[in-house]
Amino acid sequence: MCRILSRLPLASAAQRSLRAYAVQDYPAIMHSSEYIDAQTQHIDVLLFDAFSNHCLANTVEPLRAANGFAGRTLYSWRFCTLDGAHVHSSSGLQVAPHCALDAATGDTLYVMPSYGVRALDQWAVVRALRRVAGRYGVIGGFDTGPWLMARAGLLDGSRATIHWDELTAFAEAFPHIDVQRARYVIDGARLTCSGAMAAFDLVLHLISERHGPLLALDVAQLFMSAQAGPARWQAPSRPGRTVSRALAVMQETLEHPLTIPALARRIGCTQKTLEQRMRAVMQATPQAVYHRLRLNHAYQLVADTDLPVSEIAGRCGYDNASAMTRAFRTAFQVTPTGVRQGR
């Protein structure tokens, strides 16, 4: 990954100088402090042999990105196993845990087995989950994790989902659970998720709920390929068709940005309606969101390609390189050239 600068306000010239050498994973851009909860969320991920490293990556990488964008540790995480021993993913990735489950405690526990969950349906596993359940405010089951949560009585009377290969068997084995064919289900302090792709959606939703939809938008946009061009992004907080369509059109027109009245006409509503709904969902004006998307795309192209800055400016809807550089420096506290020098 490239060297990227924090957007946090710094008190002195010395601090600003130090910031130029800070290594971050992602740019931080224009976040309103009222939506950034300073309290770090501590997450433990309970792994079992044959876990899905795709699911694990889709869970922790958005958290890492959120930390980078915010310029502070919004989330911390540890990996743990039942006995503290190494585990291997279904593809052979070995993970050395930070601790055994009995030594773990935090805000949230994610239970993450995958293949062979029936073999894990044992009293030792059930007892261990029951023993630590009171240490966490929230417990989530990812992939086939809901099966173990259900066996431990942690989903009694709750709505839940599981990997769809196990959905029918899950419903038959646990009739006291309201089983739903959904990508993820949030029922109070219980989270359940159907697999690796849904894990990203769930974590994005949680970031949006805790720290605001603009941070979730930044994280979502980051994981789109710069070479592939803008892709459609669905806001994580169920914004309704107007905002979803507006975001999709914005992504598609970064190179030739529309005026806000033209954008409203394109999606079939009035400018006033668009502005009201965008503020309600994204806590920002359409202009601010559009500007944010264009600058984030510019940052990705600066950091990940060798395209001339003038060409990047054109691809992101700026009249010339000077105009983009001014906006870029205001947002990221560094010029495009500075980003490439530190790469």
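Close-up 1. Just after α10, Gly268 adopts a positive phi of about 85 degrees. Helices here are DSSP runs of H or I with at least four residues, strands are E runs of at least two, and both are numbered from the N terminus. This is a predicted model, in which local features need pLDDT of at least 70 and side-chain atom pairs count only at pLDDT 80 or more, while totals for chains, interfaces and linings use all residues. Residues are numbered from 1 along each chain as its sequence is written, and side-chain values use heavy atoms, with hydrogens and water left out.

**Close-up 2. Helix α10 packs against α9.** The axes of α9 (241-252) and α10 (residues 260-267) lie 10 Å apart, at an angle of about 120 degrees. Axes are lines fitted to C-alpha atoms, for helices over the stretch in contact, and angles run from 0 to 180 degrees between N-to-C directions. The pair is therefore oblique; angles under 35 degrees count as roughly parallel, over 145 as roughly antiparallel, 65 to 115 as roughly perpendicular and the rest as oblique. The crossing of α9 and α10 is right-handed, meaning that the near helix is turned clockwise from the far one by less than a right angle. From α9, Thr242, Arg245, Ala246, Val249, Met250 and Glu252 meet Leu263, Arg266 and Ile267 of α10, where contact means heavy atoms within 4.5 Å. This contact comprises 5 nonpolar, 1 polar and 3 charged residues. Ala, Val, Leu, Ile, Met, Phe, Trp, Tyr, Cys and Pro count as nonpolar, Asp, Glu, Lys and Arg as charged, and the others, Gly among them, as polar.

**Close-up 3. Several residues of α10 are buried.** They are Ile260, Ala262, Leu263, Ala264 and Ile267; buried means under 20% relative accessible area, exposed over 50% and partly exposed in between (1.4 Å probe, protein chains only). Their cover includes α9, α11 and α12.

**Close-up 4. Helix α8 is mostly covered.** Here 10 of the 10 residues of α8 are buried, including Pro213, Asp218 and Gln221. Among the elements that cover them are α2, α7 (196-211), α9, α11 (271-282) and α12 (286-304).

**Close-up 5. Helix α2 crosses α8.** The axes of α2 (residues 53-70) and α8 (residues 213-222) come within 9 Å and cross at roughly 120 degrees. These two helices are therefore oblique to each other, and their crossing is right-handed. Pro62, Ala65, Ala66 and Phe69 of α2 meet Leu215, Asp218, Val219 and Leu222 of α8. By class, 7 of these contact residues are nonpolar, none is polar and 1 is charged.

Close-up 6. The structure holds 0 disulfides, a disulfide being a pair of cysteine sulfur atoms within 2.5 Å. Cys55 is in none, and the nearest cysteine sulfur, in Cys193, is 5.7 Å away. Cys55 is also buried, at 0% relative accessible area. For Cys99, the closest cysteine sulfur belongs to Cys80, at 5.1 Å, which is too far for a bond. Cys99 counts as buried too, at 14% relative accessibility.

**Overview. Here is the setting for the close-ups.** The protein has 15 helices and 11 strands, and 52% of its 343 residues count as buried. Among its contacts with a separation of 6 or more, 63% join residues 24 or more positions apart.
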